[in-house]
Amino acid sequence: MRFNDGFWLLKSGVKPYFGLQVVQAVEDGDGYNLQVSTKPIRHRGDTLAGPVLSVRVHSPTEGVVGVKIEHFKHIDPTPNIALFPDDPPVPSASLSKTDATWTVATGGLSAEITQNPYTITFKSPTRTLTAAGYKHQAVYDVPYKWTLRSASNSSCLATDVSSNPRPEVPPETVRYIHSELNLSPGELIYGLGEQFGPFVKNGQSVSIWNQDGGTSSEQAYKCVPFYITNRNYGVFVNHPGEVEFEVGSEKVSRVGASVAGESLEYFIIYGPSPLEILERYTRITGRPALLPSWTFGLWLSTSFLTSYDEKTVSGFLQGMQTRNCSVRVFHLDCFWMKQYEWCSFTFDPDNFPDPKAYLSEIKQKYGVKVCVWINPYISQLSPIFQEAVRGGYLIKRKDGTPWQWDLWQPGLGVVDVTNPEARQWYEAKLDALVDLGVDTFKTDFGERIPHANVVFHDGSDPMRAHNAFSVIYNEMVFRLLERRFGKGEAVVFARSAAAGGQRFPVHWGGDCESTFEAMAETLRGSLSLTSSGFAFASHDIGGFEGHPPPEIYHRWVAYGLFSSHSRLHGSMSYRVPWQYGEAAATYMAKFLDAKHRLMPYLYQLFHKSIQGHTKGHPMQRAMFLEFLDDRTTHYLDRQYMLGPNLLVAPVFVPEGEESEYYLPAGRWTSFFHPTRTLTGPRWVKEVVPIDEIPVWVRQGSVLCLGPSQIGRPDYDFAKDVEVQVYELDEGEVVEAVVPTGKGATTAGMVTATLQNGEVRVRVTRGEVGLRSVTYFAGGQQKASQVEQGLFGLGPTSLRFLTILGGAVDALRNLG
């Protein structure tokens, strides 16, 4: 929300009440409760009338300071974002004060409050991070006309005659709570959920309001009121509804956050590194769930508007199997149900006359899991619509009738997920599908949730429920799958999300075109999302809209198979590789085999005992998350790190044109062509063959790989392990955890060291069967086979493998 006309003037009719002076401060547990006047207090008469802001500054957990600003205090509205749902807070606050200042310190972060003028300055041990300076916090009364361009007011949900047939008379003014934080020179802002525009958010106005707008506009499916900076802190605004951010836009050296209402709360989250910031943020809002290893394989879809039946599906699966492009999850999109009936949760008998028998057949013959498309909307032509109406399971208008419109399906209603009985009813439909053999659900939609003149069952504020709906919806389906298959075996394939939605993965990027530009949009969206607390990100390989030319399909397949989750899906055309030439299947088989082999590395990235599940670290990482000290990485949005060790640079240019990407400092070895090494920092400009994707391994890496041609992502990760060690420094010790591939269990740990020119690789914990060890240095490699396998038998009984010996130094000096 913009309140100003330029920097000095306010828009016509806007009335501000700035927090100017602390008139009372009371220590309370982990912080201070402040009374902040909105006018100078010179004598007792000045205390009469006028807003007084109630501000609480406190530390809920280590390294985090919260600021809650309230005007009129009353019963908290619902819904709210769940805080600390998985891991408890780590209290560590210390308080101190002088005559005119109060300080809250925790985990390297301090917040210093001054009395007059009222300010809050946030500091790390080495510098000032940011500050809420003089007149940075305020209550604004804004003429309604200035709010018409907000995402909620300009949405089709508010303006469409079917959605909102009798709009209420708008108020003359709307009250906002607003807070600003300084932007330092060179400071950059990232995140705010899955945003498809420029990766660096400086200069943008971003509304945290989920919308179904594709990947080519300012709208987004997964809006998250959290941003992370390149200055060692992040900011989480604890509000589930519409939060409007002005990121160096209204005021070019400030980030402003506004909500319509009487209360605004935000948390400053400090971290010496970006990953530590994400770790603290996901402690507050929740960790990504543990996923089964089979979800990392290839997902193949029927596509959306294509024609398909049992014969089509079997033909696809047989063709993929014949071409060594093994499908691990087969997805049936919307038309598994009859047209106009979405959702009926019933297979179309014309195309699937005996779904239980057919699903059993393809699962046994092709080794696939089965996913079906669902959404939270019920068409009035669905045979279960009246059942939903009679049960009161749909969101209602204020007159008690179900909210309905015709966008997407005729007269559709929306399941009211705040109603426990509606959730039970919906879950029973899904239970029946699981009984038929369905393993997971694509939980589509959930963005166009009405907020104008509607009533939710539990009395939730519709403005707050609009975004929160996506989390409740996906949690409902995820928990059902956990109940049916066990913890660690559930997954959804979701499009909508909000803060906390990272707990119920996986999420994909929505509807994109089949162009290089759209491919870049999906990557920007993914990197923004994984900079916002989400561990995983996927997308429609080849693009959704349109039929991609073969070269775009080839490039997207390579990018997709080096993403956390990989799904072939389109709208009006199939995405099986032979539709794009037989060479496409050859290329796909190559990259799919590489992903399967990398599973011991990929799975441990979010494994319970390692990073993602307990720390919230993303699998696909923007370059600045790993290389904060390299300023060049702060702007890179067409490449990424896949975990800490692999750099991936998808190709976004036509065949024969040079692609360009950046290698940070250090020695890098090509994953596919290990005789090729480059030393960074440097830009690389090259023509990349159509069957290649640049993937580089970071110096000092130890990769544990599975066998070639294993044909699936879920196997025993501790058997026949091929250890690849990349150019260690003298005295360096590198550890690689080897998961079992089954839930949260770890098989063991492999440790590589370079001492006195000798490389040693050993199993230092657990039991791991090694097949070979290869050391890469200076473009050369030395492999050693392990005939019987190398097993660790406990902490006091370890066997060592020594390779290369004194030749290491010579290798390292080459090139």
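Arg56 has a relative accessibility of 22% and therefore counts as partly exposed, a class lying between buried (under 20% relative accessible area) and exposed (over 50%), with a 1.4 Å probe and protein chains only. The model is predicted, so local features need pLDDT of at least 70 and side-chain atom pairs count only at pLDDT 80 or more, while totals for chains, interfaces and linings use all residues. Residues are numbered from 1 along each chain as its sequence is written, and side-chain values use heavy atoms, without hydrogens and water.

Arg56 is joined to Asp30 by a salt bridge, with 2.6 Å between the closest N and O atoms; the term denotes a side-chain nitrogen of Lys or Arg within 4 Å of a carboxyl oxygen of Asp or Glu. Asp30 is also partly exposed, at 25%. By this rule, 44 salt bridges are counted.

A salt bridge also connects Asp540 with Arg567 (2.6 Å, N to O). Asp540 belongs to strand S30 (residues 540-541) and Arg567 to strand S31 (residues 566-568), so the bridge ties together parts 27 residues apart in sequence. Strands (E, at least two residues) and helices (H or I, at least four) are DSSP runs numbered from the N terminus. Asp540 is buried, with 0% relative accessibility, and Arg567 is likewise buried at 0%. Salt bridges with shared partners link Asp212, Asp444, Glu447, Arg448, Arg495 and Asp511 in one network.

Glu582 and Arg323 form a further salt bridge (2.9 Å, N to O). Glu582 lies in helix H11 and Arg323 in the loop between helix H4 (310-322) and strand S23 (329-332), so parts 259 residues apart in sequence are tied together.
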